[in-house]
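These are my notebook entries on a two-chain model.

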Amino acid sequence: MNPLFSTRTLTLMSAGIAFNMVLGQLASMLKLPIFLDAIGTFVVALLAGPLAALVTGVATNLIWGVLTSPVAAAFAPVAGVIGLVAGLCARAGGFRSLPRVLLSALLVTVAVVVVATPIRAYLFGGATGSGADFFVAYLNAVGSKLIESVALTVFGVNLADKVVSALLAWTLVRALPARLSATFPAAAAVR
Amino acid sequence: MHPFTGFALLPPLLLLTLRLTDARALAALLVVLLVLVWMGGEHRVRLRRWALLMLPLAAGLWLVHGRYLDSLVFGADVADRPQRLYAAALLWLRVGCLLAGAQVALRLAPPARLTRALFASRLPPSVAYLLASPLLLSVQLRRRLAEVTEAQRARGVDPAAPWPQRARTLIALAGPLVVWTLSDVGERANALDARAFRSVPCRTTLDAPAFTARDRALLAAALAAFVLVAGSWLWR
């Protein structure tokens, strides 16, 4: 029986997980107000497709959960859906031009909202201990239900991050030498 | 102790925190778990990590569930505030217990031992590789990132510049790292295939962590605790 992923795809996924772990550190080193912890997932989505990216996202958060705290593991479905939607968008030509990349980032953010909102609202009571809790409390105070407040806040917090991550991954994959990108036969079109 | 044993203690703990509905009982459990964290190695780092997550979460839950903005900004009267805050406190205690329990388990599974245990485990080789290899690769990538940062600094990239300029340096710093690592992907895959990766389900490991009688006893205790708590829940 043929394995689900070739050895090359497995090593690419391993590199993608390591990118997620290290490039998040780069964002904090540059003191940028974004997470950048899904760039590896986007790169795998562009080079190996949605299923490999889904597994990359889930594995990243499971490893983070083991290394730091189970909070990251609780958000593993969110990381998985980022990879899945980014991979599907890439397959559909969503990374062929700048406007398409922005639209793909918007779709990824919407998917994140759908999956992350119930986790954040029911598992953590709508709070995460970040400044975003103030917006949840404010929206709650102006009449929104808790789940609506959490959804709006998750959308706002994630939009900038996912747009920057998608743009960065797209720029990096486009800039790969042709000799190198040819070694990934399942890569999506990026121009 | 085997690195996997500690993780077996988490499912009964999760069930127990859900089963307990009294704040005093949960607080007592939390104190016990924090004492266990304090008694272990690296307790300062682990307690700090716990506090850095839990104290801001307490503030967030207090703000969201106490509905203080309703009173302060809009002058609304929140009659059920004590009940809301009690529910939030229960949630905070549950999350706190789980995080403290996870710190106890993580103390038993430092990354180096966990990597060896994963490679020596009965997991399929591809799953073990996917979970263990990023731990090794990320150490190399951090070193490479430091080298790339140093090289780009010499070329005039300033990681301490105003933020629009810092955002532009992202490509300059991440680009070489990504291209460098992706160039290695093919070589790594060839090296693995050359060593018959996945051709047999079992691998030989020189220094696999031992699974002792103590580990077996702890696993049996964790399973018994899980059945006991689940049974008490269903009985009720």
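Which residue just after helix 7 of chain A takes a positive phi? I found that G143(A) does, with a phi of about 115°.

**Entry 1. Conventions**

I note that this is a predicted model, in which local features need pLDDT of at least 70, side-chain atom pairs count only at pLDDT 80 or more, and totals for chains, interfaces and linings use all residues. Residues are numbered from 1 along each chain as its sequence is written, chains are lettered from A and ligands numbered from 1 in the order in which they are written, and side-chain values use heavy atoms, with hydrogens and water left out. Helices are DSSP runs (H or I, at least four residues), numbered from the N terminus.

**Entry 2. Interface of chain A and chain B**

I looked up the contacts (heavy atoms within 4.5 Å) and found 60 residues of chain A touching 60 residues of chain B. The buried area, that is, the accessible area (1.4 Å probe) lost by two parts on being put together and summed over both, is about 5,000 Å². Carbon and sulfur atoms give 80% of that area.

Seven residue pairs, both at pLDDT 80 or more, are in polar contact between the chains. A polar contact is a pair of N or O atoms within 3.5 Å; within protein, one must be able to donate a hydrogen and the other to accept it, and residues adjacent in sequence count only if both atoms are side-chain atoms.

On the side of chain A that touches chain B, the elements giving two or more residues include helix 1 (7–29), helix 3 (50–67) and helix 8 (146–174) of chain A. Helix 1 of chain A gives the most, with 17 residues. By class I recorded 44 nonpolar, 13 polar and three charged residues on that side; Ala, Val, Leu, Ile, Met, Phe, Trp, Tyr, Cys and Pro count as nonpolar, Asp, Glu, Lys and Arg as charged, and the others, Gly among them, as polar.

**Entry 3. Helix 5 of chain A**

Helix 5 (residues 76–91) of chain A has 16 residues and spans 23 Å from its first C-alpha to its last, close to the expected 22 Å, which is 1.5 Å times one less than the number of residues. I found twelve of its 16 residues buried, where buried means under 20% relative accessible area, exposed over 50% and partly exposed in between (1.4 Å probe, protein chains only). Among the buried residues are G80(A), G83(A) and G87(A). Their cover includes helix 2, helix 3, helix 4, helix 6 (98–123) and helix 8 of chain A. Just after helix 5 of chain A, G93(A) has a positive phi of about 85°.

From helix 3 of chain A I picked L54(A). L54(A) counts as partly exposed because its relative accessibility is 25%. Beyond its neighbours within four places in sequence, L54(A) contacts G80(A), G83(A) and L84(A).

**Entry 4. Salt bridges**

I count seven salt bridges over all chains. R120(A) and D133(A) form one through their side chains (3.6 Å, N to O). R120(A) lies in helix 6 and D133(A) in helix 7 of chain A, so the pair ties together parts 13 residues apart in sequence. R120(A) is buried at 7% relative accessible area, and D133(A) is buried at 2%.

In chain B, D184(B) and R144(B) form a salt bridge with closest N and O atoms 2.7 Å apart. D184(B) is in helix 9 and R144(B) in helix 8 of chain B, so this pair ties together parts 40 residues apart in sequence. Both residues are buried. R144(B) also touches L177(B), W180(B) and T181(B).

R67(B), not a glycine, has a positive phi of about 50°. R67(B) sits in the loop between helix 4 (43–66) and helix 5 (68–74) of chain B and is buried at 15%. R198(B) has a positive phi near 75°. R198(B) belongs to the loop between helix 9 (163–194) and helix 10 (213–235) of chain B and is partly exposed at 24%.

Key: Salt bridge = Lys/Arg side-chain N within 4 Å of Asp/Glu carboxyl O.
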